[in-house]
Every structure is written in structure tokens, then in C-alpha cells.
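Please keep the sequence and the model in view while reading.

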Amino acid sequence: MAPELAHEEILAWLRCDDPQLLERLWELADRERTHRVGDCVHLRGLVEISNHCERSCTYCGISTANAALGRYRMSRDEIMACARQAVLFGYGTIVLQAGEDPGLETQWVADLVGDIKGATGLAVTLSLGERSPDELALWRASGADRYLLRFETSDRELFRRIHPPPKDRNACDRIALLRTIKALGYETGSGIMVGIPGQTFESIARDLALFRELDLDMIGIGPWIAHPASPLCREGAPDADADQVPATEQMACIVVALARLVCPEANIPSTTALATINSLHGRAHGLTRGANVCMPNLTPPQYRCLYEIYPNKAGSSSTPEQSHRSVLATLAALGRPAGQGPGSRSA
Ligand code: SF4
């Protein structure tokens with residue numbers, strides 16, 4: 001492991017707003033990325049298989065509270081077509097993402113994973129929310145390679161506020177669940193939002209320490225982007241507070257860069273949220289400030305416009321071909337090759 005950055009050093013970077021100093025941070029992170037995981041950018045085809053969700057997270061545009069949203073659940077055949085498209089595009093991984101949807105039945109998902117593995121050989125990443133250890137074990141046995149579950153913030157009180165448990169369930173301990181996921185043999189991914197109202201610099205420093213403690217294989221970081229239909233947006237911006245982390249592209253990039261320095265061998269995506277908050281340069285900034293993964297969206301256009309966790313999501317009206325070409329254009333401009341194969345952390 002890399003030598004640990006001191007807590008005070010991390011805090012100083014998190015509070016830094018000096019462009020020249022930040023150039024130094026971008027260089028450090030980019031150099032570490034080159035040295036530890038190379039120049040290849042791994043492409044993961046993202047398929048948003050259902051926008052049903054039984055949760056009511058206060059920041060999210062597809063929460064159950066958004067009664068105005070049309071809902072969809074993709075069929076097995078539609079998802080298989082996306083998987084074949086991923087192969088044609090040369091990707092090594094497909095990511096199946098959804099809200100917390102009990103309609104995605106355990107055995108149906110297991111069969112789907114087995115079918116994708118059998119037909120395409122793609123690595124399969126699941127991002128289906130808080131699921132029971134038995135379900136997770138079955139999916140792993142069916143061939144799922146990776147599981148993504150963001151803890152969003154290590155501040156438990158803040159997490160409870162933005163991510164309230166369903167009325168009939170106790171709050172899930174996501175950190176404990178991430179340990180279970182890892183013990184089941186998944187490559188394990190998590191991550192945070194940056195700039196949640198009430199989030200402090202100390203809190204982000206603890207998030208970074210937790211990334212390292214959990215020895216995460218994948219770390220996703222994006223700025224909080226207010227969705228107008230979400231309660232957190234309606235509450236408005238928090239009172240000006242010196243400790244409030246800003247929800248800006250720069251702040252999210254600082255956290256990406258620090259994540260690279262703290263967890264040098266992790267796969268770190270340049271997230272769609274970064275590409276949304278800065279539509280011209282967000283993706284490239286992520287890739288030159290520590291990230292080494294992109295997740296082009298393969299969701300059919302008629303569905304992706306309904307998977308609006310936050311507004312004006314980058315590529316929400318694009319076709320899979322347009323998303324693919326857009327990512328390749330970014331890589332070409334940066335002189336970075338697309339990775340081959342599954343792009344596992346250990347590969
Ligand atoms: S953040 Fe995830 S779990 Fe929460 S409401 Fe949105 S889709 Fe559902």
C-alpha cells in the first residue's frame with residue numbers, strides 16, 4: 001500500500017482553493033494513476049435496467065416519492081441485446097444498475113447473470129442497492145463479478161437524513177454490507193457524493209480513510225446535483241458555513257485525486273455526474289485527475305431519459321452509439337487507449 005497521507009494533509013487539500021496548488025494535486029494524482037494502473041481507460045457498458053425504487057432518498061429524482069415519473073423495467077431480451085452491444089463496442093464489462101426494486105426477483109437476476117456470462121463472457125457488475133447476503137451469494141455463485149454500493153457519506157446521521165430506511169425495515173449498515181460483499185468474493189465498489197448539504201470537510205476526510213480501510217476495488221465520486229423534484233433540493237442551499245463542502249466540479253475532482261493517492265490501485269471512474277456538472281470538460285478532468293474508468297451508457301434512449309437521479313444527466317437523450325463515440329473522442333483527445341478485457345483491479 002502507498003504511504004498514508006496524514007489526516008491534516010488531506011484536510012488541507014480538501015480546503016485548498018489555490019489554482020496553482022491544485023495543479024500540483026492534479027499532477028500528483030495523474031502520475032500516481034499512470035504508475036499504478038497505467039494509461040488504459042477501462043470501459044464499462046452501463047445499463048439502467050429498472051427505475052423502480054422503493055426508497056425515498058431525499059436527493060434522488062427516481063425515489064418512490066416522485067409520483068410523476070414514468071416507471072420501466074427492462075426485459076431479459078432487451079438487456080441481452082445491450083450486452084451484445086457491449087461486446088460489439090469492445091467493452092469487457094457490463095454494469096447492471098437499478099433502483100432498489102423488489103420486482104427484480106432474486107432468481108430472475110441470477111438467471112440473467114448466468115445468461116450474460118454464458119453468451120458474452122463479459123464481466124458482470126451489479127448495482128442493485130441493499131440486498132440480503134443470501135441474494136448476493138446466489139448472484140455471486142451465478143457468475144456476478146462485482147458489486148457496487150455507495151455508502152454516500154460515512155457520517156451516519158447525515159446518511160440517515162438523506163437515505164431514510166423504509167418504514168417497515170431497520171436501517172441497513174452499508175459499511176457492514178460492503179464487508180459482506182467483499183467476503184463473498186466480489187470485487188467491491190463504493191463511493192460518495194460531494195457537497196451534500198450538511199457535509200463537512202472532516203466528514204470527507206473520514207470517507208477517504210474508509211475507502212482505504214475497506215480496501216475498495218472501485219471508488220465512484222460525484223458532486224451532489226440537486227434534483228428539483230427532491231426534498232433536499234426544495235430545502236435549498238445550506239446556510240453559508242465555512243465547514244460546508246461545496247457541490248462543485250473542482251471539489252469533486254479534489255476528492256477523486258485524493259482517492260487515487262489514498263487507494264492507488266483502485267479503479268476510479270470519471271463519473272457521469274462530473275460530465276453533467278461540466279459538460280465540456282468534466283469527463284476529461286476526471287481522467288486527468290486520478291480516474292481510469294468510464295461507463296458509457298448503453299441504456300436504450302426510451303428508458304435512459306427516465307433514469308434521472310439528477311437533472312440534465314449527461315447523455316440522457318443520446319443513443320448507445322453516440323455515448324460510445326463521445327467517450328472514444330474524449331480518450332482520443334487525451335491520447336489514452338481504451339482498455340481490453342474486464343479491467344479487474346488485479347489484472
Ligand atoms: S438513491 Fe438509489 S436507493 Fe435512493 S431513491 Fe435513488 S435509486 Fe432509490
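Which residues does Val255 touch, not counting residues up to four places away in sequence? Val255 touches Val194, Ile204 and Ile221, where contact means that the C-beta atoms, placed from the backbone, lie within 7 Å.

## Basis of the model

This is a predicted model, in which local features need pLDDT of at least 70, side-chain atom pairs count only at pLDDT 80 or more, and totals for chains, interfaces and linings use all residues. Residues are numbered from 1 along each chain as its sequence is written.

## The nonpolar core

The largest nonpolar core has 89 residues, and Val194, Val255, Leu258 and Ala259 touch the most other members. Such a core is a set of buried Ala, Val, Leu, Ile, Met, Phe, Trp, Tyr and Cys residues joined through C-beta atoms within 7 Å. A residue is buried if 20 or more other C-beta atoms lie within 10 Å of its own, exposed if 12 or fewer, and partly exposed in between. Helix α10 (residues 249-262) gives the most to this core, with 11 residues. Helices (H or I, at least four residues) and strands (E, at least two) are DSSP runs, numbered from the N terminus.

In soluble globular proteins, nonpolar side chains tend to be buried together.

## The sheet

Seven strands form an open sheet with parallel pairing, in the order β6-β5-β4-β3-β2-β1-β7. Its edge strands are β6 (218-223) and β7 (293-294), each of which pairs on one side only. Two strands pair if DSSP finds at least two bridges between them. Strands β2 (residues 93-98) and β3 (residues 123-127) are joined in the parallel sense over 5 bridges, and Gln97 stands opposite Ser127 in β3. Helix α3 (residues 76-88) packs on the sheet, where it touches β1 (42-50) and β2, and its direction makes about 170 degrees with that of β1. Such angles run from 0 to 180 degrees between N-to-C directions, with axes fitted as lines to C-alpha atoms, for helices over the stretch in contact.

Strand β5 (residues 187-194) has 8 of its 8 residues buried. Glu187, Gly189, Gly191 and Met193 point one way from β5, while Thr188, Ser190, Ile192 and Val194 point the other way. Strand β4 (residues 146-148) pairs with β5 over 3 bridges in the parallel sense, and Arg146 has Glu187 as its bridge partner. On β6, which runs parallel to β5 and is joined to it by 6 bridges, Pro223 stands opposite Val194.

## A glycine in strand β1

Gly45 lies in strand β1. Gly45 is buried because 27 other C-beta atoms lie within 10 Å. Beyond its neighbours within four places in sequence, the contacts of Gly45 include Cys82, Ala86, Phe89 and Tyr91. Gly45 and Tyr91 are 46 residues apart in sequence, yet 6.7 Å apart in space, C-alpha to C-alpha.

## The ligand shell

Around the ligand are Cys53, Arg55, Cys57, Cys60, Ile62, Ser63, Gly99, Glu100, Gly129 and Ile309, a residue being near a molecule if its C-beta atom, placed from the backbone, lies within 6 Å of it. This shell divides into 5 nonpolar, 3 polar and 2 charged residues. Here Ala, Val, Leu, Ile, Met, Phe, Trp, Tyr, Cys and Pro count as nonpolar, Asp, Glu, Lys and Arg as charged, and the others, Gly among them, as polar.

## Positive phi in two loops

Most residues other than glycine have a negative phi. Asp215, in the loop between α8 (201-214) and β6, has a positive phi near 50 degrees. Asp215 counts as partly exposed because it has 13 C-beta neighbours inside 10 Å.

Asn312 has a positive phi of about 55 degrees and lies in the loop between α13 (301-304) and α14 (320-334). With 12 C-beta neighbours inside 10 Å, Asn312 counts as exposed.

Notes. Contact = placed C-beta atoms within 7 Å.
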